[in-house]
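Visitor: I have not looked at this structure before. Could you show me how to read its features, one at a time?

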Amino acid sequence: MREFNLLDEYPKLDKPRFVSDEKRTIKNRIIASERDHDFFDGERNNGYGGFKYDGRWEKIAHKIYKEYKLNEKSSLLQLNSEKGFLISDFKKNFPDIECIGLETSDYAIDNSIPEIKKNINKVDNYRKLNFLNDKFDFVLAIGVIYALTITDLLKCIKEIQRVGKGKSFINLGSYENNEEYELFKKWSLLGATFLKKKEWIEILNYCGYTGDYYFTNAKTLNLSHEIDN
């Protein structure tokens, strides 16, 4: 188990993301929870504000292939595969690798890249994964774990460990002080569990997790309080 930033190739914002009590209200969170059009392709405070393919996942696909020593006989599972952008880039560059995505959103699946729609399976949740033990050479779960309650995330992490062969990557919603907590809480639409880093480590150890992890927080997201004029 190691802390490792798999997503350091992901484009970074030059400007801060501003948060306030007026943005991302409970109404926005209710809308986002549907994970429908308004979350993916609607107004920014409801979600992505337009979730379109732009090629940013291709570098990450290459990094996964190299870092985790995958080959043409390998298999990959992505929880929360959304519109399948990463899986599409994987199949484009490494066509022989078996890639399976799991997604809870009908909208995301219906609007996924056509060529890989067959690779994405609809599921109701990530608490129980319908695969044999040690099925996958690599398991990826971005934006999954901290969107669950403690009870459900424990089950999910154990399932990731069960269906994988020990190589995986998850990100975890963290904070270290009250200011970071408030910033992240105001920004995150679907986040359910925000913990300090040492608390997450205790959870990972409890689950017997052996993969990689990285912390998503106010600093990594470049969050800042709205400035009053």
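**Strands, helices and cysteines**

Guide: This is a predicted model.

Visitor: How does the chain get from E6 to E7?

Guide: The chain crosses from E6 to E7 through helix H6 (residues 150–163), and this β-α-β crossover is right-handed.

Visitor: Which strand pairs with E7 over five bridges?

Guide: That is E8, and the pairing is parallel. Here isoleucine 170 stands opposite tyrosine 213 in E8.

Visitor: What is the order of the strands in the sheet?

Guide: The order is E1-E8-E7-E6-E3-E4-E5. These seven strands form an open sheet with parallel pairing. Strand E1 (2–3) and strand E5 (120–122) are the edge strands, each pairing on one side only. E1 pairs with strand E8 (residues 212–216) in the parallel sense over two bridges. The bridge partner of arginine 2 in E8 is aspartate 212.

Visitor: How should I read the side chains of a strand?

Guide: In a regular strand, side chains alternate between the two faces of the sheet. Take strand E7 (residues 168–173) as the case. Ser168, Ile170 and Leu172 point one way from E7, while Phe169, Asn171 and Gly173 point the other way.

Visitor: How many of the residues of E7 are buried?

Guide: Six of its six residues are buried, so E7 is mostly covered, where buried means under 20% relative accessible area.

Visitor: And how do I read a helix?

Guide: An α-helix has 3.6 residues a turn, so residues three or four places apart point the same way. In helix H8 (residues 197–207), the residues Trp200, Ile203, Leu204 and Cys207 are buried. They lie on the same side of H8 because they cover an arc of only 100° around the axis. On the other side of H8, Lys198, Glu202 and Tyr206 are exposed.

Visitor: What covers the buried residues of H8?

Guide: The cover includes H6, E7 and E8. After H8 comes glycine 208, whose phi is positive, near 70°.

Visitor: Now the cysteines. How many disulfides does the structure hold?

Guide: A disulfide is a covalent bond between the sulfur atoms of two cysteines. This structure holds zero disulfides. For cysteine 99, the nearest cysteine sulfur is that of cysteine 156, 19 Å away. For cysteine 156, the nearest is that of cysteine 207, 9.3 Å away. Neither distance makes a disulfide, because that takes a pair of sulfur atoms within 2.5 Å.

Visitor: Is cysteine 99 buried or exposed?

Guide: Cysteine 99 counts as buried because its relative accessibility is 2%. Cysteine 156 is buried too, with a relative accessible area of 0%.

Visitor: Let us end with a loop residue. Where is lysine 83 found?

Guide: Lysine 83 is in the loop between strand E3 (75–79) and helix H4 (85–93). With a relative accessibility of 6%, lysine 83 counts as buried.

Visitor: Which residues does lysine 83 touch?

Guide: Leaving out residues up to four places away in sequence, lysine 83 touches Phe40, Asp41, Phe51, Tyr107, Ala108, Asn111, Ser112, Ile113, Ile116 and Ile120.

Conventions:
Residues numbered from 1 in each chain as written. Predicted model: local features only at pLDDT ≥ 70, side-chain atom pairs only at ≥ 80, totals over all residues. Heavy atoms only, no water. Helix = DSSP H or I, 4+ residues; strand = E, 2+ residues; numbered from the N terminus. Buried < 20%, exposed > 50% of the residue type's maximum accessible area, 1.4 Å probe, protein only. Contact = heavy atoms within 4.5 Å. Pairing = 2+ DSSP bridges. Right-handed = clockwise from strand over helix to strand, strands pointing away. Arc of directions from axis to C-beta.
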